[in-house]
Amino acid sequence: MKRFRFPLRPVAVLRAHREMRAKEIFAAAVHAYVTAEEHLAATRARVARLAEALHEHREGAFAALEAAAMFRAYRAECGEELREERQVFEARELMTRRRQEYFDAHRELKVVNRLEEKARAAHRTEANRTEQAALDEFAGLRHGRRPVLS
């Protein structure tokens with residue numbers, strides 16, 4: 001039987017490498033998104049603590065300097081929260097693009113793999129057909145050599 005050789009093997013290797021690379025890039029984007037979410041959660045916790053401290057500070061004697069300093073710190077944290085939200089949004093968008101790139105690379109690899117499977121099946125069928133023809137010919141020759149008994 002002739003050995004199977006898939007002519008698109010180099011394409012399959014390149015597409016497998018591209019898929020692996022896209023998977024790694026997607027994993028890095030997921031990690032960046034999770035990190036941004038964690039930073040946003042920490043910032044929101046700080047904003048909540050500062051808001052609570054501002055509320056508690058209003059109950060006691062009013063000190064304008066302290067109130068102004070606390071309010072500036074609160075506004076700075078609110079600004080930081082907005083920046084963190086933008087970073088989370090950008091990280092989510094990047095993650096979505098990377099996911100789509102990974103899916104595209106995976107789909108392209110699957111196409112080549114399906115082509116290889118079909119080519120292997122066709123090769124196997126042809127090899128079986130050739131082998132069966134050889135066996136039929138051998139059986140015919142054997143049958144032709146047998147003496148006829150009358």
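Modeller: Buried means under 20% relative accessible area, exposed over 50%, and partly exposed in between, computed with a 1.4 Å probe on protein chains only. This is a predicted model, in which local features need pLDDT of at least 70 and side-chain atom pairs count only at pLDDT 80 or more, while totals for chains, interfaces and linings use all residues. Residues are numbered from 1 along each chain as its sequence is written, and side-chain values use heavy atoms, with hydrogens and water left out.

Colleague: What makes Glu-77 count as buried?

Modeller: The relative accessibility of Glu-77 is 18%, and because buried means under 20%, Glu-77 counts as buried.

Colleague: Why is the pair of Glu-77 and Arg-46 called a salt bridge?

Modeller: A salt bridge is a side-chain nitrogen of Lys or Arg within 4 Å of a carboxyl oxygen of Asp or Glu; the closest N and O atoms of Glu-77 and Arg-46 are 2.9 Å apart, so the pair meets that definition. Glu-77 lies in helix H2 and Arg-46 in helix H1, so the pair ties together parts that are 31 residues apart in sequence, where helices are DSSP runs of H or I with at least four residues, numbered from the N terminus.

Colleague: What makes Arg-18 and Glu-108 a salt bridge?

Modeller: Their closest N and O atoms are 2.3 Å apart, and because the limit is 4 Å, Arg-18 forms a salt bridge with Glu-108.

Note on methods:
Helices (H or I, at least four residues) and strands (E, at least two) are DSSP runs, numbered from the N terminus.
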